[in-house]
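I opened this entry to record what I looked up in the model.

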Amino acid sequence: MNNVSVITMFFLSGFNETISHRFVLFFLSLLCYCIIFLLNVSLIVIIILDSNLHESMYILLCVFCMNALYGTTGFYPKFLWDLLSNVHLISYYGCLIQTQLIYSFACGELSILVLMAYDRYVAICQPLKYHSIMSKQRVIRFACFSWFTTFCIVAVNTFLTSRLKLCSPYISRLFCVNWSIVQLACFPAQTTISAIVANITLSIYFLHGVFIVWSYMYIIQTCVKSIENRAKFMQTCVPHLVSLFTFVVTMLLDIINMRLGSKELPQTLQNFVAIEFLVIPPIMNPLIYGFKLNKIRKRIYSVIISKTK
């Protein structure tokens, strides 16, 4: 057992099922990443350059898109490289870094959705106080604090994982995640603290979801009484709810697959479930907000028209 911790590389065995179709998967994945990059960068640039969009809702949307770029950058470049490689390896520290990036992206996504829910709650339920509560400077501070806190919480989990003695270098996924590394621990007793902290982390972000539900209970209750608020709800809250639903479903499927999934499931299906949250939300969110929010849609149309003249 003296050499159990001397693991410098991990083998990503999830790629074993991709070998026969790797060039097709590479093209599709590259196309997907380019679309994600183009859509999110376009929305970020539009919001930053247009002073009319320097409001809390659009600032949070800008942060949302930045987080999508951050998370997908932690996955796609390495994934694309592995699709063209014959050996699917990642260094020990590279694996921990990828874990940190992808987990902080996922948790950060939910934190930003909480801020968006609070923003909509104040806008609809307390409209007279909206501009004083959700000022531009305060929203930026909220977003920075939320993302930094998320990064630190995930870093604690990653640090605890880095202290485990591991008995196997084989990860049965396409990328590194905390739970997959913890499962490689030689001594189950060592994972107790990691499991406790992981469950606390899950509880924190479960409470995020509870807060969103609570805020929307009040929003819907207020909207029922006013036609104007109902129109505002359809315009600004529906995109948020679609984003929330998409993200929660894709994340729950991955968590269930990791914690309770059967090894008898085809590896291809496991791979698809694992990467859903890195494919669907980053593409859907800018499309939903871009077409649903009037100011952004008009700005996009004006840019397109000016380019065609």
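**Charge**

I counted 22 positive and 10 negative side chains in the protein. The centres of the two sets lie 9 Å apart. I note here that this is a predicted model.

**Overall form**

I looked up the secondary structure next. The protein has 12 helices and 3 strands.

I then checked the radius of gyration. For 309 residues, a compact globule would have a value near 19 Å; the protein has 21 Å, which agrees. Along the principal axes, the C-alpha atoms fill a box of roughly 65 × 50 × 35 Å.

I turned to burial and surface. Of the 309 residues, 47% count as buried. The accessible surface comes to about 16,200 Å². Carbon and sulfur atoms own 71% of that surface.

I also looked at contact range. I took the contacts with a separation of 6 or more, and 79% of them join residues 24 or more positions apart.

**Helix α4**

I checked the length of α4, residues 92-125. Its 34 residues should span 50 Å at 1.5 Å a residue. I found its end C-alpha atoms 49 Å apart, which agrees. Is α4 mostly covered or mostly open? It is mostly covered, with 27 of its 34 residues buried.

**Helix α6**

I ran the length check on α6, residues 136-162. At 1.5 Å a residue, its 27 residues should span 39 Å, and its end C-alpha atoms are 39 Å apart, which agrees.

Which residues of α6 are buried? I listed Val139, Ala143, Ser146, Thr150, Ile153, Val154, Asn157, Thr158, Leu160 and Thr161. I then asked what the buried residues of α6 pack against. The partners are α2 (56-73), α4, α7 (178-182) and α8 (192-223).

**Glutamine 100**

Is glutamine 100 buried or exposed? Its relative accessible area is 9%. The cut-off for buried is under 20%, so glutamine 100 counts as buried.

I looked up its contacts, leaving out residues up to four places away in sequence. Glutamine 100 touches Tyr70, Phe151, Val154, Ala155 and Thr158. Val154 and Thr158 are also among the buried residues of α6.

Last, I checked a pair separated in sequence. Glutamine 100 and asparagine 178 are 78 residues apart along the chain. In space, their C-alpha atoms are 8.4 Å apart.

Technical notes
Residues numbered from 1 in each chain as written. Predicted model: local features only at pLDDT ≥ 70, side-chain atom pairs only at ≥ 80, totals over all residues. Heavy atoms only, no water. Helix = DSSP H or I, 4+ residues; strand = E, 2+ residues; numbered from the N terminus. Expected span 1.5 Å × (residues − 1). Buried < 20%, exposed > 50% of the residue type's maximum accessible area, 1.4 Å probe, protein only. Rg over C-alpha atoms; globule rule 2.2 N^0.38 Å. Contact = heavy atoms within 4.5 Å. Areas by Shrake-Rupley, 256 points an atom, 1.4 Å probe, with all protein chains shown as cover. Lys, Arg positive; Asp, Glu negative; His and termini not counted. Charge placed at Lys NZ, Arg CZ, Asp CG, Glu CD.
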